[in-house]
Amino acid sequence: MAKMAPEGLITALDIGSSKVSAMIAQKGDGGELIVLGTGQRESRGVKRGYIADAAATEAAVREAVEQAERIAGTNIENVWVSFSAGGLVSDVASVEFELGGHRVEQTDIDALLQAGRDSIDPAGRIVLHAQPALYTLDGLTGVKRPLGLHADRLGVHIHVVAADGSPVRNLGLCVANAHLEVKSIIASPVATGMACLSDEERELGVALVELGAGITNVSLFAGGMLVGLTSIPIGAADITDDIASAFGTRRAQAERMKCFHGSANASPRDNHEMIDVAPISAEDGVGDGSRITRAQLIGVIRQRLDHLIGEVRKALVELKFEGPVGRQVVLTGGGAELNGIADYAQAALGRSVRVGRPRGLSALPEAHSGPAFATLAGLAFYAASDPVDLRALSRSHQMVHRPKGLAIFRRMMAAARANY
C-alpha cells in the first residue's frame, strides 16, 4: 500500500498531444534529483497542445500519476504541469531606479522587484512566469548580483511569459478534476531549456526547437534567459498521418513504420529494402497487405520535414537568430527521435544542430531518457530550483519606466548580444 508523500517530493506532469507522462523525484543529500517513479499513458484528449476532451485528459492524467505513485511507493497531492499550446508569448519588462551613487542594499532590490511586479502588463493574457533575469548598473547589463555595489541607477530586466487564458484554465481544470493540486503551470520551453541546455548555451545564445506531436515550439535563449518564442502548428504526428494516408494503413501501424524504418535521410540501398504494410482493414481480417520500399517511406517523411523545417527557418529569422554560422540549434521532443533528424536539420538550416536529451537526473529509466521526455525532466529541475516569481509580491504604487511593444524586445536583444 502506498504511503503518504514525505517532504521535498516533486511531481512533474507533462500533458502533450501524444502522451501524458508523470515523474516523481526527490532531492538527494547532495542536491541531485533522484527519480522515484514514472508513469505514461496515451493522450487522447489533447489536440495541438489544447484540451479537446476534458474527460479523456483527466483519465490519462490520473492513470499516469497512479502508475508513477505505484513505482515510487508513495501518494502525491500536487504537481508541476507543462503548457505547450500555441499562444505563448515571451516579453521583457524593464524597470529602473535612481540611487544617487549609494551602495545597493537589499531594500533597494526589494523595491525594484516590487516596481517590476507593477510593470507587468499581460494584455489580457495569463502570466505563467514573471522572473527577474539580469540587473543593470548605470546602463551596464548582465549584472547577476548587484547587492553591495555602488550605482547611480539600478535596473532589472524581468522575463515574462504569458499565454491565452482559456487554454491554461482548461489545463488546470483537468488536473484539478483528477484530484491533484496544481503547484504551478510552466511554459514548456522554459522547462525544456533547463533539462537539455547548458548554462553556457543559454548565455551565448541558442535556439531550442521542440518537435512535439501536434506543435513545434521554437524558442531563443540569450544572456541566460528565454528572450523570444513562437509556435508552429505542425508536429511529428503530422508525419505519422501522412504515412497512414499515403499507404492506406492505420495510424498505429504508420507510427511503427516511422519509428522502426523511417529516417530523415535517404541512401541508395533504401530502394531495395522492403517494408510490409498492413491495410486499414487488417484488424477485421479483410484485405491483403502490401509492400513498399524504404525509399518510398522516407520520401513521404521528407516531404513533411521539408515543410516543417522551412517553417522553423522562418521562425528563426523572425526571432532575429542571426550571427555566426556556428550558433547552436538544439532539437528535442518526440520528433527529435526520428533517425537522422540532426544531420538533416543541420544541412537544411546551415547551423550546428544537436539532439537535446534530459540530463542530470539520477535513476531515470532508460525508457524516459530520450528527447521526448525533456520537458518532463525540465519540470522537475524547475521545481527544484525554487525560482523567484514576482507574481507572489503584492502590488505597490511606485512609478516605473517600462518600454512599450517591440522596444522591449529590441532592448533585451541588444543587451544579450552585448554579452556574446
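Ser 231 sits in strand β16, where helices (H or I, at least four residues) and strands (E, at least two) are DSSP runs numbered from the N terminus. The model is a predicted one, in which local features need pLDDT of at least 70 and side-chain atom pairs count only at pLDDT 80 or more, while totals for chains, interfaces and linings use all residues. Residues are numbered from 1 along each chain as its sequence is written, and side-chain values use heavy atoms, with hydrogens and water left out.

Ser 231 has a relative accessible area of 23% and is partly exposed; buried means under 20% relative accessible area, exposed over 50%, and partly exposed in between (1.4 Å probe, protein chains only). Not counting residues up to four places away in sequence, Ser 231 touches Ala 85, Gly 86, Ile 215, Thr 216 and Asn 217, contact being heavy atoms within 4.5 Å.

Of its 420 residues, 52% count as buried. Among contacts between residues at least 6 apart in sequence, 69% join residues at least 24 apart.

Gln 67 belongs to helix α1 (residues 54-72) and is partly exposed, at 22% relative accessible area. Leaving out residues up to four places away in sequence, Gln 67 touches Thr 38, Gly 39, Gln 40 and Arg 41. Gln 67 and Ala 22 are 45 residues apart in sequence, and their C-alpha atoms are 8.4 Å apart. Ala 348 belongs to helix α9 (residues 341-349) and is partly exposed, at 26%. Beyond its neighbours within four places in sequence, Ala 348 is in contact with Ile 309 and Arg 313. Arg 313 is 35 residues from Ala 348 in sequence and 8.5 Å from it in space, C-alpha to C-alpha.

Helix α7 (residues 251-261) has the buried residues Gln 253, Ala 254, Met 257 and Lys 258. These residues lie on the same side of α7 because they cover an arc of only 140° around the axis, an arc taken from the directions from the helix axis to the C-beta atoms. What covers the buried residues of α7 includes α6 (236-247), β17 (274-277), β18 (290-293) and α8 (294-318). On the face turned away from the buried side are the exposed residues Arg 251, Cys 259 and Phe 260.

Cys 259 counts as exposed, at 52% relative accessibility, whereas Cys 196 is buried, at 0%. The structure holds zero disulfides, a disulfide being a pair of cysteine sulfur atoms within 2.5 Å.

On a 1 Å grid over the protein atoms alone, a cavity is a set of points where a 1.4 Å probe fits but cannot get out, and a pocket is an open set with protein on both sides within 12 Å along at least five of seven lines; lining residues have an atom within 4 Å of a point. Grid points are joined across faces, edges and corners, and a volume is the space filled by probe spheres set on the points.

The largest cavity has a volume of about 30 Å³. Its lining consists of Ile 15, Val 46, Gly 49, Ile 51, Ser 82, Phe 83, Ser 84 and Leu 171. By class, five of these are nonpolar, three polar and none charged; Ala, Val, Leu, Ile, Met, Phe, Trp, Tyr, Cys and Pro count as nonpolar, Asp, Glu, Lys and Arg as charged, and the others, Gly among them, as polar.

The second largest pocket holds about 1,000 Å³ of space. It is lined by 28 residues, of which Gln 131, Pro 132, Met 194, Arg 202 and Gly 224 lie nearest its centre. The elements giving two or more residues to this lining are β10 (126-137), α4 (188-196), α5 (199-204), β16 (225-232) and α10 (374-385). β10 gives the most, with five residues. The lining has 15 nonpolar, seven polar and six charged residues.

Most residues other than glycine have a negative phi. Asp 138, in the loop between β10 and β11 (140-143), has a positive phi near 50°.
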